[in-house]
Amino acid sequence: MAEPVAERVRGAAGTAARTGAVWKSSGAARSSARTLRVRVSAAVVLLIALAVLLVPPLAQLDQQAVDLSAKLLPPSWAHPFGTDDVGRDLLLRCVYGLRVSLLVGLVAALVASVLGTAVGAAAGALGGWTDRLVMRAVDTLSSIPHLLLGIFIVAMFRPGVWPVVVSVAVTHWLSTARIVRAEVLSLRGRPYVDAAISGGASRWRVAVRHLVPGVLPQAGLAAVLMVPHAMWHESALSFLGLGLPAHQASLGNLVQSARGSLLAGDWWPTLFPGLLLIIPTLAIAGLAGAWRDRLNPRRRSELTL
């Protein structure tokens with residue numbers, strides 16, 4: 001009687017060991033996949049940064065130079081991305097367009113993050129009627145589609161970089177304000193905040209010394225994720241003819257000007273600007289995912305199970 005019981009115990013122990021080994025190998029595979037994703041994303045972001053910083057000064061070429069004898073040439077060694085409908089080199093135009101789109105995305109994300117962090121922190125720290133009033137205003141603005149509000153803003157100015165930056169920043173700070181407010185409300189219940197209040201610290205001191213530093217990682221993550229969103233928003237406005245001037249290279253302008261070529265069967269003037277929108281978005285999302293896992297160790301441990 002004792003032998004079957006011992007055999008069953010040994011069998012259960014062996015099954016548990018095999019299950020643990022399977023879970024451990026699966027977790028290791030997921031960890032290595034995340035590491036690979038982060039490294040590839042970082043390499044792509046570094047390559048993009050080097051391209052937009054170094055290619056224009058090193059190329060010493062005029063991106064606006066027209067050569068009608070070389071119009072709509074397919075990709076080749078001389079023109080890796082081909083040429084557009086007036087003979088301009090698409091590789092150089094795409095690099096300049098990515099440079100402008102990144103500038104708009106970075107500046108707009110920075111402005112929107114600062115504004116959203118200030119509003120969200122004030123609403124969460126003050127509470128009461130101030131919190132309710134601010135969040136009702138945020139809800140009201142959020143009910144308006146971003147693109148429609150952005151079109152309304154840029155329509156009041158001449159086409160240029162800064163109207164697009166203002167448009168994107170004004171329409172994208174709302175999500176950051178919500179995130180920061182939720183984080184502030186969570187921090188207000190922490191013991192060290194209660195101890196500071198009990199010790200006689202003012203609301204301003206508690207907010208500056210404890211609440212704002214606590215929300216900066218989340219606000220920084222929101223700003224990073226907002227960069228590709230702002231790039232897509234700028235491209236949409238430029239594609240509609242409401243963003244940057246038509247002669248200025250941006251990814252949205254390049255896609256818009258290539259519509260006629262695409263209908264004629266020339267795919268490269270549309271493909272490469274579109275890829276330069278998609279690839280940075282995926283790379284930044286990969287880095288932001290690693291940042292999010294680092295901010296939330298519990299979620300990271302659950303993913304490794």
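Q: Where is L54 placed?
A: L54 sits in helix α1 (residues 2–59). Helices here are DSSP runs of H or I with at least four residues, numbered from the N terminus. The model is predicted, so local features need pLDDT of at least 70, side-chain atom pairs count only at pLDDT 80 or more, and totals for chains, interfaces and linings use all residues. Residues are numbered from 1 along each chain as its sequence is written, and side-chain values use heavy atoms, without hydrogens and water.

Q: Why is L54 called partly exposed?
A: Its relative accessible area is 41%. Buried means under 20%, exposed over 50%, and partly exposed lies in between (1.4 Å probe, protein chains only). Therefore L54 is partly exposed.

Q: What makes α5 largely enclosed?
A: Nine of its 12 residues are buried, so the rest of the structure largely encloses α5. Among them are V161, P163 and H172. The buried residues of α5 pack against α2, α4 (146–154), α6 and α8 (203–239), with contact meaning heavy atoms within 4.5 Å.

Q: Which residues of α3 are buried, and why are they on the same side?
A: T130, D131, M135 and V138 are buried in α3. They cover an arc of only 115 degrees around the axis, so they share one side of α3. The arc is taken from the directions from the helix axis to the C-beta atoms.

Key
Helices (H or I, at least four residues) and strands (E, at least two) are DSSP runs, numbered from the N terminus.
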